[in-house]
Amino acid sequence: MNLENYHITHNNEALQTGKVLIATPFSNSDVFAQSVVLLIDHSENQSIGLFLNKMLPPKVSREINMMLPRQLPLQFGGPVGGDELFYVHTLGTKIPRSVQILPNVYVGGEFEAMQEYVEEEKSLSEIRFFVGYCGWGANQLQSEFNNNEWVATTLTRSTIFNSDTKNLWKNCLETMGGKYKMWAEFPKNPMFN
């Protein structure tokens, strides 16, 4: 038996915009337990990310949707800025002032252009909407990473826009292989096992 597989450590991926953070099995925070976070901004001053695998409760989603041109699936982006709406998409220049964070993956852009697109299009499979975000101050995320609270990876565009958010944490770890595949079997709360 290789005991190294049970040693929870971060991988040596560099943290940068476009990377995805995967919470290690023994996260110290209920909010971040088994979370997958897309970094939409990472600099020496701050880091901003969005949960890719957490949906808003239906009641909250209905209340926010009343302000939008049509009913949209809304995700919980994170515990900060609960009154802010973010969107990640593949629309590029169709949404002026959007920022490319990965090949063919963009964040933000002119809200009016996004509203027009949402009103006109039947399929919204290439857009994900988030309420709130995950935020870290200068060096805070790097410190958490160094304390083995996260591993970092890159996801494909199709994985980022996959509608199966429930199993994303487990699927990401399994795809990474090796000891990470074993981590995927850890229960959310080992105390209840």
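Predicted model: local features only at pLDDT ≥ 70, side-chain atom pairs only at ≥ 80, totals over all residues.
Visitor: Where is alanine 14 placed, and what separates its C-alpha atom from that of alanine 152?
Guide: Alanine 14 belongs to the segment before strand S1 (20-23), where strands (E, at least two residues) and helices (H or I, at least four) are DSSP runs numbered from the N terminus. Although alanine 14 and alanine 152 are 138 residues apart along the chain, their C-alpha atoms are separated by 7.6 Å.

Visitor: What makes arginine 97 exposed?
Guide: Arginine 97 reaches 69% relative accessibility, which is over the limit for exposed residues, and therefore arginine 97 counts as exposed. The residue lies in the loop between strand S5 (80-89) and strand S6 (99-102), and has a positive phi of about 70° although it is not a glycine.

Visitor: Why is asparagine 148 not put in the exposed class as well?
Guide: The relative accessible area of asparagine 148 is 23%, and therefore asparagine 148 is called partly exposed. Asparagine 148 is also a residue other than glycine with a positive phi, near 65°, and sits in the loop between helix H3 (140-146) and strand S9 (150-153).

Visitor: Why does isoleucine 48 count as buried?
Guide: Isoleucine 48 has a relative accessible area of 17%, which is under the limit for buried residues, so the word applies. Isoleucine 48 lies in strand S3 (residues 46-51) and, leaving aside residues up to four places away in sequence, touches Leu38, Leu39, Ile40, Asp41, Tyr133 and Cys134, where contact means heavy atoms within 4.5 Å. Over the whole chain of 193 residues, 46% are buried.

Visitor: What makes a group of residues a nonpolar core, and which members of the largest one touch the most others?
Guide: Such a core is a set of buried Ala, Val, Leu, Ile, Met, Phe, Trp, Tyr and Cys residues joined through side-chain atoms within 4.5 Å. In the largest core, which has 41 residues, Leu21, Leu52, Trp136 and Trp150 touch the most other members, and strand S2 (residues 36-42) gives the largest share, five residues. A second, separate core has 14 residues, including Leu91, Met114, Leu124 and Val131. In soluble globular proteins, nonpolar side chains tend to be buried together.

Visitor: What does tryptophan 136 touch beyond the residues up to four places away in sequence?
Guide: The list for tryptophan 136 holds Leu21, Phe32, Val37, Leu39, Gln46, Ser47, Gly49, Leu141, Glu144 and Trp150.

Visitor: How do you know which residues line the largest pocket?
Guide: On a 1 Å grid over the protein atoms alone, a pocket is an open set of points where a 1.4 Å probe fits, with protein on both sides within 12 Å along at least five of seven lines, and a lining residue has an atom within 4 Å of a point. The residues that line the largest pocket include Met55, Pro73, Leu124, Arg128, Phe161 and Asn162, and strand S8 (residues 127-137) gives the most to this lining, with three residues.

Visitor: What is known about asparagine 162 in particular?
Guide: Asparagine 162 has a relative accessible area of 39%, and so counts as partly exposed; its place is in the loop between helix H4 (157-160) and H5.

Conventions: Residues numbered from 1 in each chain as written. Heavy atoms only, no water. Buried < 20%, exposed > 50% of the residue type's maximum accessible area, 1.4 Å probe, protein only.
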